[in-house]
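Trainee: I would like a close look at one part of this model. Please take me through it step by step.

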Amino acid sequence: MNGADYWRKRALKVKNAALVKGEQYEFDMAKRLANAALEVESAIDVWANKYADEDGTINADEARQMFRGIENHQWQNTLDEWERKARAGGYDHELNLEYYRSRISRLQALEAQLKNILAGYAKPEQVQMLGMLTNVYSDTYYRTVYNAQSQKGTFTADFAQFDTEELKKAVSKPWHGNDFSSRVWGNMADTLPDMLQKAVGRGIALGYNPEKLVKEARVTFRNFKKYQVHRLITTELAHATEEATYEAYTQSNIEQYEYLACLLYTSPSPRDMRRYR
């Protein structure tokens with residue numbers, strides 16, 4: 001019962017139990033984000049087709065008309081005025097500057113729309129992750145306390161008990177500058193819209209039609225789920241687990257312990273992820 005390998009395995013089982021919860025959470029989050037992906041693709045498709053000619057290229061003239069008086073109202077000269085000057089000669093440089101401004105303006109409008117869509121998913125996801133992290137923290141804490149007492153051969157109730165609000169406070173403490181809630185919001189309502197906007201911008205520069213722009217956005221969203229979301233979940237999960245472990249050992253009057261890495265958690269399998277793309 002006192003062999004080092006045995007107790008290492010007990011400790012790793014606690015960590016693995018947390019990682020399994022994280023794996024299930026990521027799988028469930030992928031299902032929730034599937035709906036967000038459809039909304040995003042639909043928004044980009046509608047946006048792109050507003051500016052598409054019959055040959056499928058983006059119609060800059062149509063875009064200019066739709067945004068005149070909105071993003072462009074602050075310009076000293078309208079695009080029509082710049083075009084008239086360009087025809088008279090000598091204003092090619094200024095015309096090009098205004099043209100690229102109009103394109104950036106349209107992309108900014110799209111990014112704002114995407115931010116609005118994804119913010120609607122970020123808010124409930126903050127609540128979902130809070131629930132997962134509090135569950136992991138509680139489970140890790142009590143399992144670790146039990147293991148520590150088992151190793152000593154003495155069982156007592158003389159250790160801190162956490163209610164729901166205390167657990168929420170424990171997992172919501174900022175670390176590395178932010179708390180998990182801010183990182184969820186930042187990833188979904190800032191990073192992802194920016195990635196999508198840049199993908200669309202690159203597509204326009206390469207002459208993609210609306211259908212191909214949507215495909216580019218789909219790939220961008222897929223990579224976001226595969227990398228950013230996976231990194232976010234595993235990082236927050238690992239932090240909550242280690243904080244709970246530290247607190248459990250502190251309550252058990254253990255002054256030193258060995259850190260054991262557990263690498264059993266990988267992102268959901270490609271087969272599972274394909275179901276929610």
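Which residues in α6 meet which residues in α7?

Mentor: First, the ground rules. This is a predicted model: local features need pLDDT of at least 70, side-chain atom pairs count only at pLDDT 80 or more, and totals for chains, interfaces and linings use all residues. Residues are numbered from 1 along each chain as its sequence is written, and side-chain values use heavy atoms, with hydrogens and water left out.

Now the contact (heavy atoms within 4.5 Å). From α6 come Phe180, Arg183, Val184, Asn187, Met188, Leu192, Met195, Leu196, Ala199, Val200, Gly203 and Ile204. They meet Leu213, Glu216, Ala217, Thr220, Phe221, Phe224, Gln228, Leu232 and Glu236 in α7. By class, that contact has 14 nonpolar, four polar and three charged residues. Nonpolar covers Ala, Val, Leu, Ile, Met, Phe, Trp, Tyr, Cys and Pro; charged covers Asp, Glu, Lys and Arg; the others, Gly among them, are polar.

Helices here are DSSP runs (H or I, at least four residues), numbered from the N terminus. Helix α6 spans residues 180-205 and helix α7 residues 210-251. Their axes come within 9 Å and cross at roughly 155°. Axes are lines fitted to C-alpha atoms over the stretch in contact, with angles from 0 to 180 degrees between N-to-C directions. The two helices are therefore roughly antiparallel (over 145 degrees).

Next, α6 alone. It has 26 residues and reaches 36 Å from first C-alpha to last, close to the 38 Å expected at 1.5 Å a residue (1.5 Å times one less than the number of residues). α6 bends by about 35° at asparagine 187, the angle between axes fitted to the seven residues ending there and the seven starting there. Asn187 is also among the residues that meet α7. Just after α6, glycine 207 takes a positive phi of about 80°.

Terms used. Parallel < 35°, antiparallel > 145°, perpendicular 65-115°, else oblique.
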